[in-house]
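Hi,

Here is the structure I promised to pass on to you. Have a look at it first, and then read on for what turned up.

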Amino acid sequence: MKILSLLILLVLAGCLAVPAISFFYESGGGAACSRCHEMGHQYEQWLSSSHRNIPCTSCHGEALSGSFRFHLTNVLRVRDHLLGNVPEPLRLRTADFLEMQARCAGCHRQEFAQWSAGPHSVSYERLFLNAEHNRKEPPVDDCLRCHGMHFEGGIRDLLEPASARGPWRLRQEELAGQPAIPCTTCHSMHRPGRLLARWQTGSPPAARFQEPVRPSVGLFDRRSRQAVPVSLLPLPRMQDRNRPVAISPDPRQALCYQCHAPLSAGQVRSGDDRTPTGVHEGLSCFSCHDKHRQTTRASCATCHPRLSNCNRPVETMDTTFADPGSRNNIHFVKCQDCHPQGVPTPKKKES
Amino acid sequence: MKRRNFLTIAALTAASSCSRTSPAPGLRVLSGKEARTLEAWVERLIPTDQDAGAREAGVVHFIDRLLAGWLKRKRQPWKSALEGIDRGAFLAYAKPFYELEPKRQIALLEQMEAGKASREAFPDDGGKAAFELVLSYTMMGFYGNPRHGGNRDYVSWQMLGVPAVPVRGRRHRDEAALVENEKPNSSSGKETL
C-alpha cells in the first residue's frame with residue numbers, strides 16, 4: 001500500500017512537473033528557451049524578424065494551454081537533448097504547421113479570409129482524392145513539392161494506392177480537411193524584417209516604411225524543410241517558340257514560378273506555366289492576381305478602359321483560363337485576336 | 001550506501017564534469033579555442049574576398065554539428081588535428097594558430113599539405129592527413145545544401161549562380177517541345193492547356 005501511494009505520488013509529481021517546467025521557461029521569454037534547447041539560430045532570427053514583438057508562445061503553444069501533445073513534445077525534446085539526438089536544423093512537423101495555421105489567422109484575419117476564399121486553401125482531400133485527376137495523372141512523390149509540401153513522408157505514406165487505379169483513400173484521415181498549401185508555404189515567420197508600420201491619420205503612407213517585398217515571403221522547400229527567401233529564387237527565361245518573352249522583374253513572381261513552372265525547354269504555356277504573352281506580356285502575376293485570394297476581376301478595371309480604346313466590358317468579358325479556345329484568355333490574348341484584318345495604326349494627333 | 005561512499009562518488013562525478021571542456025556558445029562539441037582555431041583554418045582554405053568565404057558560410061558550425069552527430073565516434077582525428085596545428089604554430093611562431101598573420105597561417109598550411117609540418121606536432125605524416133581531413137569537410141560545408149548546417153544563406157550557390165531551388169516543371173522534360181525546338185522556324189510547340 002505504501003509503495004502504491006509512493007508510485008501515485010511520483011506519477012502525479014511527474015505530471016505536474018512537466019507543465020511547471022514549461023511555464024518556468026516560458027516566463028523567461030525566448031531567451032530562456034534558447035539557453036536550454038538547441039534553438040539559438042531560430043531565436044536569433046526571430047529577434048530581427050517582423051514578428052519579434054510576438055512571444056514564442058503565441059505561435060508555438062503554451063504550458064497553460066492544456067494540450068497533451070504540447071507537453072509530450074517538450075518531454076521528448078528533453079529526452080533528445082539529454083541523449084544528444086537533437087535534429088538540426090530544428091524542424092516543425094506536419095501537425096505543427098497545421099496548428100500554426102490557426103494561430104496565423106488569429107492576427108492576420110483579412111489575409112486569412114482572402115486565402116480561405118481562394119484556390120490555395122484547397123484541402124488534402126480535394127487534391128489527392130480527385131478521382132478524375134488521379135486517373136489521368138497517377139499520384140507521384142513530386143506532387144508533394146507543391147501540394148502538401150509540409151507532409152513528412154512520400155506519396156505512399158499519404159495516399160493509398162499511389163497509382164492510377166482507385167479507389168483512393170488518405171492513410172491519415174485526419175489530414176482530409178486540412179489545407180494542403182498553408183500560410184507557411186509562402187511565408188516564413190522568422191525571416192529578418194521591419195515591424196509592420198502602424199498607420200495613423202495624418203502620418204505618411206505606411207508603404208514608405210516597408211520593404212517593397214515583405215521579408216517573410218519565401219518558398220517552403222520540401223527537400224530541406226526550410227523556407228528559401230524569395231530573393232534567392234530564380235525567375236526563368238521564357239520563350240514563345242524561338243522568341244524570348246519579356247517577364248516582369250517583380251521578384252515576388254519567383255514564388256509563383258516554383259509551382260506554376262514551365263517544362264525544361266522554358267516554353268510559355270508548357271507544363272503549368274502562366275506567363276502572360278500578347279497584350280499583357282511583361283505584366284507581373286501580381287498586377288492582376290490578388291496576393292491571397294488570386295482573384296483577378298477587380299484588377300482589370302484598374303487599367304481598362306483607360307489603356308485601351310476597344311470599349312471592352314472588362315468586368316464581364318470571357319477571360320476563362322480553363323477554356324483553351326477562348327480568344328480572350330488574358331494570359332495570351334493578342335491584338336490580332338480582336339483585329340484579324342490587322343491592327344489599326346493610331347491616328348496622329350493634329351497639332 | 002554509506003555516506004562516505006556517496007560523498008566520494010558525488011565528488012568524483014563533479015570533478016569529472018568540471019574537467020570536460022565545455023563547448024563554445026552556439027556549438028555542441030568544439031570548445032572556444034578549438035572553434036577559433038578551426039575558423040582560422042577554414043578561413044584560410046576558402047577566404048572571404050568579394051564573395052563570402054568559409055567563415056560566412058558557417059563551416060565551423062557544420063563541422064561541429066557533424067561531430068555531435070554522424071562523426072560522434074570519430075572525434076579524435078579532429079581533436080588531434082586542431083591540437084597539432086596549434087602546437088605547430090607555437091613551435092614555429094610562439095602563438096596559437098588563430099593569432100598568426102594570414103601569411104604565416106598559409107605557410108604552415110602549405111607545409112601540412114606537403115606533409116612537411118613539424119613531426120613534433122604531427123608525428124605520423126607531417127600533417128598531411130589532418131590537412132586533407134579539414135579541407136574535405138570545409139568543401140562539404142561550403143558547397144553543400146544548407147540543410148546540413150553549412151552554406152549559410154546559400155552563399156556559395158549565390159557565388160556560383162546556382163539557384164537555391166530551381167524552377168522545375170511537373171514532368172521536368174518536355175520531350176516533344178525539345179524536338180520541336182530543334183527544328184528551325186518550328187510553328188507548333190506542345191502546349192498543355
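Across all chains of this predicted model, the count comes to one disulfide. A:Cys146 and A:Cys259 form it, with their sulfur atoms 2.3 Å apart. The pair joins distant parts of the chain, 113 residues apart: A:Cys146 sits in the loop between helix H9 (131-136) and helix H10 (155-158), while A:Cys259 belongs to helix H11. The link is left-handed, with -100° about the S-S bond.

A:Cys256 is in no disulfide either; its nearest cysteine sulfur, in A:Cys285, is 3.9 Å away, and the cut-off is 2.5 Å.

The other spot to look at is A:Ser284, in the loop between helix H11 (253-259) and helix H12 (285-288) of chain A. Is A:Ser284 buried or exposed? It counts as buried, because its relative accessibility is 8%. Its side chain makes a polar contact of 2.7 Å with the side chain of A:Asp250, and a polar atom of that serine side chain lies 3.0 Å from the backbone nitrogen of A:Phe286. Leaving aside neighbours within four places in sequence, A:Ser284 touches A:Ser248, A:Asp250 and A:Gln253.

Enjoy exploring!

Technical notes
Residues are numbered from 1 along each chain as its sequence is written. Chains are lettered from A and ligands numbered from 1 in the order in which they are written. This is a predicted model: local features need pLDDT of at least 70, side-chain atom pairs count only at pLDDT 80 or more; totals for chains, interfaces and linings use all residues. Side-chain values use heavy atoms; hydrogens and water are left out. Helices (H or I, at least four residues) and strands (E, at least two) are DSSP runs, numbered from the N terminus. Buried means under 20% relative accessible area, exposed over 50%, partly exposed in between (1.4 Å probe, protein chains only). A polar contact is a pair of N or O atoms within 3.5 Å; within protein, one must be able to donate a hydrogen and the other to accept it, and residues adjacent in sequence count only if both atoms are side-chain atoms. Contact means heavy atoms within 4.5 Å.
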